[in-house]
Amino acid sequence: MSTDVRPAAPAIVRRAAGLRIARLRDLALVPAILGMMVVGWIVSPAFLHWTNLQNVLQQQSEVSLLVLAEALVLLTGRMDLSLESTFGLAPGIAAWLVLAPGVAHGLGWLPAGWAIPITLAVGLAIGLTNGLLIVRFGLNGFIVTLGMLIVLRGLLTGISGGKTFFNLPESMIYLGNAVWLGLPASIWICVILYAVAIVVTGYTRFGRSLYAIGGNADAARAAGIRVDRVLWTTLAVASLLAALGGLLLTGRLASVAAAQGSGAIFTVFAAAVIGGVSLSGGRGTIFGAFTGILLLYLIQNVLTLGGVPAQWIGALNGAIILVALIISRITSGQAQN
Amino acid sequence: MSAVPERATDAVAAAHGVTKRFGGTVALDDVSLTVRPGEIHALVGRNGAGKSTLVALLTGLLAPDAGAVTFGGAPAPPVADREAWRRRVACVYQKSTVIPALSVAENVFLNRQDRRRAPLPLISWRSVRRRARELLRAWEVDVDVEQPVERLTVEQRQLVEIARALSHGSRFIILDEPTAQLDGQAIERLFQRMRALRDQGVTFLFISHHLEEVYEVCDIVTVLRDARHVVTAPAAELSRRDLVAAMTGAATGLIAAPVGRSTAAEAAAVAARAAVAPALRVGGLGLPGLFADVSFAVGRGEIVGLAGAGGSGKMALAECVVGLRRAEAGTVEIAGTRPRPGDVAAALGAGVGFVPQDRHRQGLVPALSIAENVTMTIPDRIGRYGFIAPRRRDALGARSIDDLAIKASGPAQPVAALSGGNQQKVVMARALAGDPKALVLLQPTAGVDVKAKETLLAAAEDAAGAGAGVLIVSDDLDDLRRCDRVVVMFKGAVVGERPRGWRDHDLIAAMEGIAT
């Protein structure tokens with residue numbers, strides 16, 4: 001029958017085009033990043049200096065861990081708003097328990113060596129609490145983590161008395177300051193964790209199950225994926241990453257402010273979405289999320305080098321996020337939802 | 001191909017006197033079913049007869065309260081052992097069980113992707129793709145394994161799901177209303193495929209509302225009614241009349257010769273038609289790539305069918321009429337006015353009522369009540385100044401429940417709790433709520449049972465009797481049989497028109513573009 005042959009030709013054309021777009025979406029922001037570098041070079045020759053670029057990489061390394069964490073959660077079709085509070089609270093509690101009473105609100109209950117384990121343990125505990133409420137009790141993830149965001153921020157304000165922890169032990173400062181093989185340790189940590197996450201989400205059954213759950217949880221369950229367990233793990237890992245990111249910032253600034261991380265979640269979401277990660281789950285890549293946050297920080301850097309007054313940076317930041325969204329909508333050719 | 005022929009006497013799958021209750025209602029009452037190797041076994045019954053529950057028991061999603069399920073004579077595995085169930089039986093549901101954004105290859109081997117042995121147990125995508133390609137080639141499914149599943153047609157997606165089921169080792173496949181979303185040619189190809197697979201030793205349990213299909217492809221028919229087993233017989237030995245009687249428990253007029261409306265109503269309609277502008281007039285309508293220069297009119301009180309195979313452009317045309325799409329050329333006129341093209345609100349305002357093609361996506365808000373769904377298109381009739389009067393709304397809802405014989409506890413019941421046929425009645429009620437001058441029905445009886453079909457078509461006839469022009473766009477010949485005339489489209493153009501009383505083969509030949 002001739003009718004069998006007819007529809008094949010246009011289908012093949014569409015197929016090839018679709019494939020090309022799918023591969024390109026991953027790299028959609030790379031031209032934007034390159035373009036930004038050219039603009040930066042025009043604005044100020046200092047921009048392309050290795051020290052400046054290294055600066056940008058280091059500045060974004062802490063928040064980029066939040067972006068990594070959020071991207072993992074978004075892939076499963078969930079959201080975690082509380083990451084920004086975990087970013088402050090985890091090192092905050094460590095400082096509180098370790099610092100001697102006196103200048104800051106320390107308790108001095110534990111020796112300084114406990115600071116890093118406590119930071120990570122607090123992150124893990126927060127992630128498991130989120131998992132308990134969202135996965136086990138079936139509460140709405142958006143509202144649960146919004147509640148956690150407020151509670152955790154309040155806890156940090158409470159234990160610090162609204163002030164800043166400083167005079168921190170050497171162990172807490174080390175990671176944020178150390179230089180390994182000529183590069184700041186936080187850049188190494190960021191790059192390595194991203195590389196691991198890219199491999200895990202691209203090449204392991206666990207990683208692929210994040211996409212499956214975000215795309216169609218029932219189908220994932222039917223394929224034998226332990227959906228609840230994967231969600232628990234993802235939420236726990238995300239909070240752990242947030243705690244680590246907080247630790248890096250604490251080290252770089254040698255202090256924990258009561259507001260550490262406050263408001264960062266908006267940048268984090270923006271970076272993930274600009275990088276092609278879908279808010280409704282199951283779409284996007286970790287590499288895309290990385291290009292998203294990198295682009296945002298490059299633009300900020302260019303603005304600063306261009307001498308834009310600090311009072312205007314906020315408004316410009318918001319505008320840049322919108323413009324970046326529009327650009328990525330155009331380059332990816334897909335509606336963001 | 002498989003071990004089945006050696007034990008040909010054993011049933012591939014069987015339910016022995018299974019009973020299942022949900023709270024107070026009995027979903028299945030002492031039902032037995034035996035599916036023998038290499039047969040295509042039809043399971044038919046009206047909505048709510050217990051088909052879905054039986055499928056859930058046979059696929060291990062539910063455990064029976066009494067009775068037992070066996071495979072090849074051996075008892076079924078425990079409900080928790082999904083892998084064991086997957087090796088014995090697979091079901092392709094109406095609702096797809098694939099992950100849209102992931103590739104075909106990954107969907108087929110989800111959670112069992114090939115892994116390298118060294119140095120790390122990472123997924124080898126090359127090997128996943130190769131195995132998927134081999135699998136699909138073995139079952140003659142022509143699909144690019146690298147593209148995301150969301151880009152497949154419904155037909156391709158079903159074939160991928162069937163291939164995936166076969167790759168688990170199952171040679172018993174349940175197809176749950178597979179034809180509901182396919183056009184005529186795709187259905188024919190699916191049937192060819194089913195026969196070919198049957199010859200290779202695959203056994204099917206086929207669930208369908210279309211009795212034509214049962215006769216075309218099935219060897220054995222089992223009928224369920226009101227949670228009980230009614231009859232199992234070879235399809236060849238069961239007459240159409242007996243089958244319908246077994247399903248409904250009573251004779252029904254639908255399968256008999258088409259029933260004309262009363263001559264008085266007919267005469268009145270003709271008179272009304274002559275006096276005024278037609279309910280719907282389409283003039284030179286065109287949308288590049290889909291259809292071009294289509295013109296016809298539907299008079300007041302007239303029922304016109306629009307027929308055509310997949311790719312004829314009939315759906316796109318109808319969507320242009322109701323404003324879901326915007327035509328690039330030509331005009332749409334509703335009772336003498338021209339609503340803004342591509343604007344649903346304007347079309348509704350001009351007097352269009354319509355049943356969209358996909359009731360789940362465009363027809364209903366599942367969590368809202370029947371009354372809210374029915375009155376969604378007519379907020380100005382149930383209140384003033386943007387406020388809604390709940391009493392008036394519920395009264396309208398209750399009227400729809402009566403008019404269309406919707407099985408529901410009341411107008412406040414959420415639509416999600418209704419069966420498919422009753423949901424479709426709610427969509428119909430919504431289309432009728434505004435007393436439309438032009439009623440456009442897209443696949444109005446897709447996936448509903450015989451009796452619900454009867455009610456839906458009768459409602460359309462009542463609307464015509466009240467002076468509306470009705471356009472029925474459907475692949476189902478039973479829907480078209482009741483039309484005063486049928487306009488036939490082929491490859492985006494009107495190629496003919498048949499008055500009431502056409503013969504099936506003549507209409508189908510016209511739809512396939514074969515001149516007669």
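**Close-up 1. C320(B) sits in helix α10(B), residues 314–322.** Helices (H or I, at least four residues) and strands (E, at least two) are DSSP runs, numbered from the N terminus. This is a predicted model: local features need pLDDT of at least 70, side-chain atom pairs count only at pLDDT 80 or more, and totals for chains, interfaces and linings use all residues. Residues are numbered from 1 along each chain as its sequence is written, with chains lettered from A and ligands numbered from 1 in the order in which they are written. C320(B) is buried, because 26 other C-beta atoms lie within 10 Å. The cut-offs are 20 or more other C-beta atoms within 10 Å for buried, 12 or fewer for exposed, and partly exposed in between, with C-beta atoms placed from the backbone. Leaving out residues up to four places away in sequence, C320(B) touches L285(B), L287(B), R325(B), R326(B), A327(B) and V332(B). Contact here means C-beta atoms, placed from the backbone, within 7 Å. G342(B) is 22 residues from C320(B) in sequence, and the two C-alpha atoms are 6.6 Å apart.

**Close-up 2. An open sheet of six strands in chain B runs in the order β15-β16-β17-β13-β18-β19.** The pairing is mixed. Two strands pair if DSSP finds at least two bridges between them. β15 (352–355) and β19 (493–499) of chain B are the edge strands; each has a single partner, so one side of each lacks a neighbour in the sheet. From one strand to the next, the twist averages 20°. Axes are lines fitted to C-alpha atoms, for helices over the stretch in contact, and angles between N-to-C directions run from 0 to 180 degrees. β15(B) pairs with β16(B), residues 438–442, in the parallel sense over four bridges. F354(B) stands opposite V440(B) of β16(B).

**Close-up 3. A six-stranded open sheet in chain B has the order β6-β7-β8-β3-β9-β10.** Its pairing is mixed. At the edges stand β6 (90–92) and β10 (228–234) of chain B, each with a single partner strand, so one side of each is left without a neighbour in the sheet. The twist averages 20° from one strand to the next. β6(B) and β7(B), residues 172–176, run parallel and are joined by three bridges. A90(B) stands opposite I173(B) in β7(B). Helix α1(B), residues 51–58, packs on the sheet and touches β3 (40–44), β6, β7, β8 (203–207) and β9 (220–225) of chain B. The direction of α1(B) makes about 155° with that of β7(B).

**Close-up 4. E140(B) and A405(B) have positive phi although neither is a glycine.** For E140(B), phi is about 60°. E140(B) lies in the loop between α4 (125–138) and α5 (154–167) of chain B. E140(B) is exposed, because 11 other C-beta atoms lie within 10 Å. For A405(B), phi is about 50°. A405(B) lies in the loop between α14 (390–403) and α15 (420–433) of chain B. A405(B) counts as partly exposed, with 14 C-beta neighbours inside 10 Å.

**Close-up 5. Helices α4(A), residues 83–98, and α6(A), residues 141–160, pack together.** Their axes are 9 Å apart, at an angle of about 30°. That makes α4(A) roughly parallel to α6(A). Under 35 degrees counts as roughly parallel, over 145 as roughly antiparallel, 65 to 115 as roughly perpendicular and the rest as oblique. α4(A) passes α6(A) in a left-handed crossing, meaning that the near helix is turned anticlockwise from the far one by less than a right angle. From α4(A), the contact residues include G88(A), L89(A), G92(A) and W96(A). From α6(A), they include M148(A), L152(A), R153(A) and I159(A). By class, the contact has nine nonpolar, five polar and two charged residues. Ala, Val, Leu, Ile, Met, Phe, Trp, Tyr, Cys and Pro count as nonpolar, Asp, Glu, Lys and Arg as charged, and the others, Gly among them, as polar.

**Close-up 6. Chain A meets chain B through 23 residues of chain A and 20 of chain B.** On chain A, α1 (8–25), α8 (185–203), α9 (205–215) and α10 (217–222) each supply at least two residues of the side that touches chain B. The largest share of that side, six residues, comes from α9(A). By class, the side of chain A that touches chain B has ten nonpolar, eight polar and five charged residues.

Key. Two residues are in contact if their C-beta atoms, placed from the backbone, lie within 7 Å.
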